[in-house]
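I would ask you to look at the sequence and the structure together while I walk through them.

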Amino acid sequence: MIRGLKNLRHARQSQQLYLSSKYYSAKTEGRKISKLLIANRGEIATRVMRAAHELSLKSVAIYGTEDRYSMHRSGANESYEISGYKESPVRAYLDQEAIINIALQSGAEAIHPGYGFLSENSEFIKKCEDKGIIFVGPPSHVVQGLGDKTAARDTAIAAGLPVIPGSEKTVTMSEARLFAEEHGLPVMLKAVHGGGGRGMRVVKEMSQLEDSFQACVREAEQAFGNGDMFIEKFLDQPRHIEVQVLGDKYGNIVHLYERDCSVQRRHQKVVEIAPSVNLDKDLRERMLSDAVKLAKHIGYVNAGTVEFLVDSSGKHYFMEVNPRIQVEHTVTEEVTGVDLVCSQLEVAMGTSLPQLGLSQDKIECLGSSIQCRITTEDPENGFIPDNGRIITYRSPGGYGVRLDRGSGYSGSVITPYFDSLLVKCITRASTFDRAVAKMVQALDEFRVRGVKTNLPFLARVMEHPDFKAGTVDTTFIETESDTLLAPYEDKSRVLKTLKYLSEVMVNGTDIPGLQGKPGSLPAPLPAVHGEFQRGFKQVLDEGGPEALARAVRKSSNLLLTDTTWRDAHQSLLMTRMRTQDLLKVAPLTAAHMNNLFSIEMWGGATFDVALRFLHECPWRRLEELRAAVPNIPFQMLLRGANGVGYTSYPDNVVYEFVKQSSEAGVDIFRVFDSLNFVDNMLLGIDAVRQTKGVAEAAICYTGDLSAPNGGGKYNLDYYLKLAQTFVAAGAHILAVKDMAGLLKPSAATTLISALRREHPDVPIHVHTHDTAGTGVASMVACYLAGADIVDVATDAMSGVTSQPSMGAVLNSLPTSNSQFDQERLFEINNYWEQVRQLYRCFDPGTQATNTEVYKHEIPGGQYTNMLFQAQSLGLGREWGRVKEAYAEANEILGDVVKVTPSSKVVGDLAQVMVSNKLSKEDVLNKADSLNLPTSVIQFLQGYLGTPEGGFPEPFRTTALKGAPLVAGRPGESLEPLDLAKIKAELVEKYGSWITDRDVMSYAMYPAVFEEYAVHFNTFGDVSKLSSDMVFAPVKVGTEYVYDLEKGRRYYITPVAIGQVDPKTAEQDVFFELNGAPKRLTVKNKSSAATVITRQKADPALKNQVGAPMSANVLEVRVAPGVKVAAGDPLCLLSAMKMETVVSSPLSGTVSSVEVSAGESIGAQDLMFVITPN
């Protein structure tokens, strides 16, 4: 057929000539077929149809009811349904009488069986012969002799082929046991009429023999209609080599060289190679010769495969003959240039091999070819078959890449009823190495979304050094499972984004606190070009914290810290500011506000809320903003030993958190303690000093130094002693942190002037809130008294519970301050005015200043959040009472410094008092009977430290009811966290994207971080979406621009939303993504539809046994009250024609059985509950 071929180019040209020759012209003499029925489904049915159409044959397809939307049906000239098999759809393709009747009624003269199903059923072939139907394959007597594995073994022995010790006939269970006892373990059980890994088990322990035998019988009966079994000795770590043979009706036999099928799992081939790599030349010739010898011995006709196992010593053993076309026939076609399926049809019509140009001397094997079977299986979860709708399907292409597709296309539905093969990818090149490289590229080009696939697993197989070296055997996947099955990063990021947008369209935004509609996005800001001017960031980087402190003290100007990026929006908009809206203004800020001392942009409540409500990573926010603003120091709020949380943490957590924060971009750490508890402060200062960061020790201000009593217990001496302690501990900067805006101008003069006298060389930094409206005056007073730096906010984000206005402070100074260009500040402020409108849906409505703060002392940020909470709890009309209760709660707790988390303690108690209509006296008198908030109990126990003046008695003793007390610094007595162990557990649970910084997020907020991780894995990084796509459903018909990353832009257009399915409560949402249609399905949470669902097993409870996959329950082997040992079988499941035994995870008593035989169940449905011994 192919003469004198020296390279693959010639092979392809010659093949094209051959395919257009008279032998494939459909005019062959003695032609008997004009219409061909394909008794199969999926990719092989499509492959046979293509061959038939090339030969001008009409094609007839059959399909089961569950396959009515399949591709093979639409590709045929005619198609006919075989119905009545709803419970077991696969049996439609095993209904011999129905298939033969369709062939007769449709006028099909021949049937091509493909592989599997009835392809090796001699009874079916005989029926075809009796009805005068041409069977495209060997005649029934040949299939009967070879399809029966024991008969085939006898035939191989008679032909002189070496065989593995095995049974001489079909065996019963008792005979299998006798064979195992005689020849020893391990043994291989095989279905006599099996193939494709079905009905096969390796038994390594005698206790497994009976269950394995019965499972093989059931699998074989379901897949092949015959459960006869035989048994043979199992070779350990062999190579699986098979030889393709082709024979005609006139006794001519040729081989088309061999294939290596050693990469397999559970005897199911996964990757095939032609020809074999690193196969001894003499061994190859012996196997090729043996294959042809056997075929001639039995008078073989049509295509078939003789399979061998090769042991480590290089000896080969006959294993079986597959008397049909193989799944992996493709690689043989690629290296020989012979179309095997067309050849099958021609041979069936009586054409001889010489007529086809096929003689052994003319068949050459050139180059190398690899086939990967791409399946809808989840390798990370035991290769459980997945099912569902394919949302995205993108396939590879190019020179040397071939795809034989089954059900792979966008919108197709993968059902759980059939084999999980999606598409076969075949590459061809001049060498094995180049074929591997092509396959790696092809697998990378695939995009299949909506169902799990084995694509990442196959890519790892291709990249594995043993595979590249051609040294793999049949145990390769099992022995290298740790490498091949390691977690991988899901690349379907944009599909996750569409899933999130669909969720918002159907169920609304998942960000709490949103009331009303958001405003419009701000207008785009002008681009910034060129390098940014130097700022204090460069001073710090070049000289360290001490150099920065000296530069601050030498400055003639009042320096400013801009809080717009953190405390301002925390105080005004419930901390809901998204990273996107900060990044937009970052370049302009760096360009025109480079003289800022710092930007407060991280820590405090923003860390918690970013994870909890915005579903954003606070670390990624820090990293991205740091890259955008390289010239202004970043400042964070560090709650001393509380990190950025609401409780105490082990010391190693605090030190590691500060280290990671410094490395990620924080320059200045404003260290404070909510009670001014010195021990907690000293830990925070020391943690900062062990990095390159600046330790700014903040004294929390409360009370009133200007009052007649001089502030009571919080007098001037109190603050000066704290300052002295912190400076001695190594603080680079002293700060006064006035969280509630209580620092009046006269008190500011008193405090700041005293601190300046005591510490002339230490920079002083002041923070306040403008709740009472005196913030600007107080900050000017601080400057005049000797302060170096004050906190302000951009005008549009200032005032009320936020910081004083930047513009107002600058214009109130007694001397001109020319460090900022006013016009540029106005430009930036204009942006923030628009942002304020965008975020109006989070503004609780604090419209004006209120000097009542001097009475209740509620911190600015807490004031906004408490107002929202009161409104959410239906206490909006009692807001006045809430403020009164806050002051009373503060008195009950002993008049504490009120800064997060101590302010939360006071606020929680106040909310309880109002909700339960409790007065101050009620709380004091009924403390032993009230269910006080956990935060209050922990405060009284000492988990936040010791407040000034001690704890309130007898309230503390009464309320604690004997609960244990914490003495000294709380974190000192806590065991260190094993951060490496936590990371390993998080990686195992959520994926390889977990970093050391994510571990810190988990350490601070375990439950919150896990919720974030689930959201991230489900919907991806939503921080990349613009705020109008998050705060409200995207609008149908509107095109949105989505920049996933630099250079990766997507255009998203919502097209339509479908109706709610009354049975499932689901809605379809339709998009165009870069012009391509996409459909996603979302559960409507508010639908009134009644949906029957099963309880899911809780993965955290080891005694709950969930279904490992969507499957049918074949058999339940236990009942409530039965005692089981760990590993005992509980039930038998069947999915994708594969049976799985579900075993007990522990020893105990079965307390609940939630499934019955014959039921269909979904993945993780609760099946059993075991009460441990």
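Let me begin with a question: among contacts in the protein chain between residues at least 6 apart in sequence, what percentage join residues at least 24 apart? The figure is 71%. Please keep in mind that what you see is a predicted model.

Now the overall picture. The protein chain has 1173 residues, of which 59% count as buried. Its secondary structure amounts to 40 helices and 42 strands. Taken along the principal axes, the C-alpha atoms fill a box of roughly 120 × 70 × 55 Å. The chain exposes about 44500 Å², and carbon and sulfur atoms supply 49% of that area. As for charge, there are 122 positive and 139 negative charges, and their mean positions lie 4 Å apart.

How many cavities of 30 Å³ or more does the structure hold? There are 7. The largest cavity has a volume of about 60 Å³. Its lining includes R566, D567 and Q570, together with R639, F672, K737 and T900. Helix 20, residues 564–573, gives the largest share of that lining, with 3 residues.

The second largest pocket contains about 620 Å³ of space. It is lined by 26 residues, and those closest to its centre are D608, Y646, N865, Q869 and K904. Two or more lining residues come from each of helix 22 (605–612), helix 32 (860–872) and helix 34 (902–915). Helix 32 supplies the largest share, 6 residues.

Let us return to helix 20 and follow the chain beyond it. M574 is not a glycine, yet its phi is positive, about 55°. T575 lies in that loop between helix 20 and helix 21 too, and although T575 is not a glycine, its phi is positive at about 65°. Are these residues buried or exposed? M574 counts as buried because its relative accessibility is 1%, under the 20% limit. T575, at 3% relative accessibility, is likewise buried.

One joins A274 and P275, with omega about -10°. P275 sits in the loop between strand 11 (268–274) and helix 10 (281–298). Another cis bond runs from T900 to P901, with omega near 10°. P901 is located in the loop between helix 33 (879–892) and helix 34.

In helix 28, residues 775–785, the buried positions are G775, S778, M779, V780, A781, C782 and A785. What covers them? The cover includes helix 27 (745–758), strand 29 (764–767), strand 30 (789–792) and helix 29 (806–812). After helix 28 comes G786, with a positive phi near 125°.

Helix 36, residues 934–941, has S935, V936, F939, L940 and Q941 buried. These buried residues pack against helix 34 and helix 37 (955–960). G942 follows helix 36, and its phi is positive, near 105°. On the spacing of such positions, an α-helix has 3.6 residues a turn, so residues three or four places apart point the same way.

I will close with two buried loop residues. G799 is in the loop between strand 30 and helix 29. G799 is buried because its relative accessibility of 12% falls under 20%. Which residues does G799 contact, leaving aside its neighbours within four places in sequence? They are L572 and D770. The C-alpha atoms of G799 and A772 are 9.2 Å apart, while the two residues are 27 residues apart along the chain.

The other is N121, in the loop between strand 4 (110–112) and helix 5 (122–130). With a relative accessible area of 13%, N121 is buried. Not counting residues up to four places away in sequence, N121 touches Q96, V143 and F224.

Thank you for your attention.

Technical notes
Residues numbered from 1 in each chain as written. Predicted model: local features only at pLDDT ≥ 70, side-chain atom pairs only at ≥ 80, totals over all residues. Heavy atoms only, no water. Helix = DSSP H or I, 4+ residues; strand = E, 2+ residues; numbered from the N terminus. Buried < 20%, exposed > 50% of the residue type's maximum accessible area, 1.4 Å probe, protein only. Contact = heavy atoms within 4.5 Å. Areas by Shrake-Rupley, 256 points an atom, 1.4 Å probe, with all protein chains shown as cover. Lys, Arg positive; Asp, Glu negative; His and termini not counted. Charge placed at Lys NZ, Arg CZ, Asp CG, Glu CD. 1 Å grid on protein atoms, 1.4 Å probe; cavity = no way out; pocket = protein on both sides within 12 Å on 5 of 7 lines; lining within 4 Å. Points joined across faces, edges and corners; volume = space filled by probe spheres on them.
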